[in-house]
Amino acid sequence: MSGQSESGNLSKTWYRKVLKEWEIDRLLTDLEARTQQRYRQNTKKDLLLGLLCGYSLKKIGKDLHKDNASVRTGLSNIYRDIETLTGESDKRVKASNLVYILEKHGYRRGVTASPTPNRSIPHNLPAPTYTEFIGREADMKTLLERLSPEHGAHMITVHGIGGVGKTALVLAAAYLCLKSSCENHGVAPRFDAIIFTSAKQQELVPDGILQRQQGQRNLREIFREIANALGDPTIIQSPPNDQFERVRQILSRQRSLMIVDNMETIEDRNQVIEFLYNLPICVKVVITTRERIALLPISLRNLPLDDGLQLIQQQAGEKGITINDEESKLLYDRTGGIPLAIVYALGQVSSGYPLNSVLERLTSATGDVARFCFEQTVQGIKGQPPHKLLMSLAIFPDSPILAAVAEVAGLTASPDSVNVGLARLQQLSLVNLNPETKRYEMLSLTREYALAELAGYPDFEREARRRWVTWYLDFARSYAGEDWEKWIHYNKIEQEEGNLRAVLYWCKDQDHYAQVRDLWLLLNHYANLYAYWDDRLDWLQWLVEQTERRGEWSSLVKIIIRKTWLLIRECSDRSLKQADEMLRRAWVLRDCADLDLCVQADLAENIARLRIRQKNYTDARKWLDIEQSLVIEANLEEQKHIRHYIPVHYHRAVILYREGNYSEAKTLFQEVMQSAEKIHWHRVINSAQNWLADIAIEQSDRDRAQQLLIKGLTVAQRSKNKRRLARYQRSLARWERMWGSTAEAYKLANKAMDSFKHLGMTQDAEEMQFLLNSP
């Protein structure tokens with residue numbers, strides 16, 4: 001038999017299959033008339049009939065003895081002809097919406113533009129477990145758009161960790177589709193049948209984890225569920241090898257929604273995916289899975305705060321529980337916004353368990369929630385790089401960058417293992433890569449479980465923690481330090497602030513004194529001027545006690561310098577007295593501490609600062625002379641010499657200002673700016689500008705003062721130096737009071753006063769209060 005005669009016989013067979021459902025003669029006649037193309041005596045007819053039979057491209061090519069490339073080319077031409085026939089926009093007709101387009105234009109028997117309302121739609125959807133679906137508006141919109149016959153998607157996946165609400169979202173969408181289909185109106189796409197299958201093996205209920213006895217865990221069970229849902233026993237009555245083709249034939253006659261829940265637990269997953277992929281083009285498939293599958297995915301994460309709180313109140317109301325706002329927020333934080341965890345927790349409360357007890361068990365790695373969400377997933381990666389990466393990620397309280405994770409996991413020498421491992425964790429929905437920050441994020445519940453995993457591998461944890469501390473020490477050496485060198489890099493410190501603080505606290509708890517000392521000395525400047533760590537005095541006191549106990553006199557003097565800097569800035573009677581005592585002691589210790597001359601110069605500078613605050617300008621000048629001599633004696637290279645010489649001129653200029661000698665103070669501050677510009681010490685430039693603006697105010701130079709203040713305030717805001725920003729606000733308040741708006745002056749003065757109070761700068765806050773009270 002020739003290929004041509006066999007093709008003709010196939011055409012007759014296919015023609016008989018679709019004759020009852022499609023107006024084939026009218027369709028072929030219209031196509032030939034509109035496109036001037038022959039269809040009846042042409043392979044195009046065979047291809048079109050094969051599509052309308054619901055056959056796959058592979059089967060069409062096999063039956064017609066044509067290769068896939070020829071079939072694709074022929075089908076592409078048919079799509080363009082149908083666009084011409086129907087007037088659909090360019091390149092809109094595809095395999096996924098061909099049936100819909102033809103139905104829309106009246107070529108299918110029994111299908112009209114307005115089907116009979118209140119029709120019966122076969123389905124087997126399980127009853128919803130909620131009275132109202134909360135949140136997920138954007139995800140629901142995306143899912144419904146992709147379910148539309150006009151959208152090219154054939155298979156859609158919804159993925160996320162266990163309990164995040166994948167099944168709930170898909171079922172909520174399916175019920176909207178069912179309502180629209182039955183009533184012939186609504187916002188959701190319409191289907192002629194909706195089939196739900198689930199391979200879920202466990203259910204989490206308030207009493208614990210229940211094992212499901214029923215489910216569709218392989219392809220044959222899925223076929224059986226399809227037969228039951230459609231009420232068509234011929235599917236399971238067919239020989240096993242013919243069941244797939246029988247399902248295709250039945251589903252090709254109608255628009256169907258097929259849901260496959262919990263794909264990750266299906267036994268013959270590859271076969272099931274192949275089956276779904278080759279379903280007729282009029283079938284939409286939605287898959288829920290904990291693992292990412294590259295099939296038009298919708299990724300679910302935890303509920304946002306407002307939606308989470310709404311869900312808590314809804315569940316509490318349904319269960320007759322009274323829960324206040326504070327308890328709701330606490331429950332949201334402990335569950336990480338995971339819907340199933342919220343429902344489970346409130347179910348436990350309604351069963352009589354105290355809320356505090358329920359919250360404690362929520363974060364337990366051996367608790368029901370953690371086991372349900374993570375146990376099975378994590379079990380599959382143990383002993384592999386993804387497991388090490390997961391445990392390492394949990395060490396970081398804030399999302400880390402890739403380099404840090406690789407180092408802590410001990411996989412720096414194997415970048416491929418890192419990339420593949422992190423990709424696997426993302427596929428399993430255990431980790432997410434933020435595309436904007438390029439950091440790896442982990443939900444709070446996931447982190448708690450991963451920390452428990454980490455505790456189960458003490459040898460690995462010990463080494464991982466050591467690498468974690470070392471990585472952040474190296475990081476701080478690169479980007480922290482004083483701002484005359486590092487100012488431009490402080491944004492990097494800000495991004496890692498939470499992780500740096502975690503390292504400090506962990507080292508302190510483990511009594512790793514040397515690491516705390518080294519890290520704090522690097523971070524001290526940032527913590528005081530830019531971040532304002534309100535516990536910085538506590539850290540410094542701990543370090544004072546530890547260095548003294550160990551007899552590390554050199555480190556003790558360095559810590560005293562940093563602590564007294566804060567005490568002098570506070571400027572209360574108590575803090576100045578304490579600073580005086582500590583500085584006197586440090587000066588005595590300098591000989592036995594074997595301090596280098598630069599540290600001694602810093603010590604002399606702090607004593608001079610103290611004397612200025614005490615208004616003992618004569619003694620302050622003596623200490624500035626000592627500081628100057630030490631800097632000269634140190635014989636530093638030019639940049640460092642300028643760095644250590646600037647404070648001498650700066651504080652002398654401050655004394656001149658305090659004494660009312662504005663002209664000399666102005667000259668000296670201008671010299672300070674010129675020197676600071678040579679080494680790009682931006683903070684000192686910004687500070688000197690502030691003093692020059694104050695001098696211009698005292699000298700009634702209105703325009704110059706305004707120019708300096710506007711320029712300097714912009715820099716202070718950009719650099720996030722809280723102390724300097726408050727001082728600029730103070731100066732602007734004075735300017736507004738003299739030449740501008742009284743209301744604006746009052747507003748700025750209040751801002752400055754609040755900042756000074758927050759920064760612990762008592763004397764400055766009192767000065768602002770005096771300005772506010774002045775007539």
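Q: Where is lysine 438 found?
A: In this predicted model, lysine 438 sits in the loop between strand E8 (432–434) and strand E9 (439–441).

Q: Buried or exposed, that lysine 438?
A: Lysine 438 is exposed, since its relative accessible area is 52% and the cut-off for exposed is over 50%.

Q: Which histidine has a positive phi near 60°?
A: Histidine 65 has one. That histidine 65 is in the loop between helix H4 (57–64) and helix H5 (68–86).

Q: How much relative accessible area does histidine 65 have?
A: Histidine 65 has 55%, so it counts as exposed.

Q: Let's switch to helix packing. At what angle do H28 and H30 pack?
A: About 20°, with the axes of helix H28 (residues 553–570) and helix H30 (residues 597–613) 10 Å apart. Angles under 35 degrees count as roughly parallel, and H28 and H30 are therefore roughly parallel to each other.

Q: Left-handed or right-handed, the way H28 passes H30?
A: H28 passes H30 in a left-handed crossing.

Q: Which residues make that contact?
A: On the H28 side you have Val557, Lys558, Ile561, Thr564, Trp565, Ile568 and Arg569. H30 brings Val599, Asp602, Leu603, Asn606, Arg609, Leu610 and Arg613.

Q: How do the residues of the H28 and H30 contact divide, nonpolar, polar and charged?
A: Seven are nonpolar, two are polar and five are charged.

Q: Is serine 555 buried or exposed?
A: Buried: the relative accessible area of serine 555 is 12%, and the buried class is under 20%.

Q: What about H29, which residues are buried there?
A: Ser575, Leu576, Ala579, Asp580, Met582, Leu583, Ala586, Trp587 and Leu589 are the buried ones in H29.

Q: And what covers the buried residues of H29?
A: The cover includes helix H27 (536–550), H28, H30 and helix H31 (617–634).

Q: How far apart are the end C-alpha atoms of H29?
A: They are 25 Å apart. Helix H29 (residues 573–589) has 17 residues, which at 1.5 Å a residue should span 24 Å, so the two values agree.

Q: New pair. At what angle do H36 and H38 pack?
A: Helix H36 (residues 722–739) and helix H38 (residues 762–773) pack at about 15°, with their axes 12 Å apart. That makes H36 roughly parallel to H38, and the crossing of the two is left-handed.

Q: Which residues make the contact of H36 and H38?
A: Arg727, Arg730, Ala733, Arg734 and Arg737 come from H36, and Asp764, Glu767, Met768 and Leu771 come from H38.

Q: What is threonine 335 in contact with?
A: Leaving aside neighbours within four places in sequence, threonine 335 contacts Ala341, Ile342, Leu362, Ser444 and Leu445. Threonine 335 belongs to helix H14 (residues 325–335), and at 0% relative accessibility it counts as buried.

Q: Last one, where does glycine 410 lie?
A: In the loop between helix H19 (402–409) and helix H20 (415–427). Glycine 410 counts as partly exposed, at 43% relative accessibility.

Q: How far is the C-alpha atom of glycine 410 from that of glycine 760?
A: They are separated by 43 Å, and the two glycines are 350 residues apart along the chain.

Conventions:
Residues are numbered from 1 along each chain as its sequence is written. This is a predicted model: local features need pLDDT of at least 70, side-chain atom pairs count only at pLDDT 80 or more; totals for chains, interfaces and linings use all residues. Side-chain values use heavy atoms; hydrogens and water are left out. Axes are lines fitted to C-alpha atoms, for helices over the stretch in contact, and angles run from 0 to 180 degrees between N-to-C directions. Helices (H or I, at least four residues) and strands (E, at least two) are DSSP runs, numbered from the N terminus. Angles under 35 degrees count as roughly parallel, over 145 as roughly antiparallel, 65 to 115 as roughly perpendicular and the rest as oblique. A crossing is left-handed if the near helix is turned anticlockwise from the far one by less than a right angle, and right-handed if clockwise. Contact means heavy atoms within 4.5 Å. Ala, Val, Leu, Ile, Met, Phe, Trp, Tyr, Cys and Pro count as nonpolar, Asp, Glu, Lys and Arg as charged, and the others, Gly among them, as polar. Buried means under 20% relative accessible area, exposed over 50%, partly exposed in between (1.4 Å probe, protein chains only). The expected span of a helix is 1.5 Å times one less than its number of residues.
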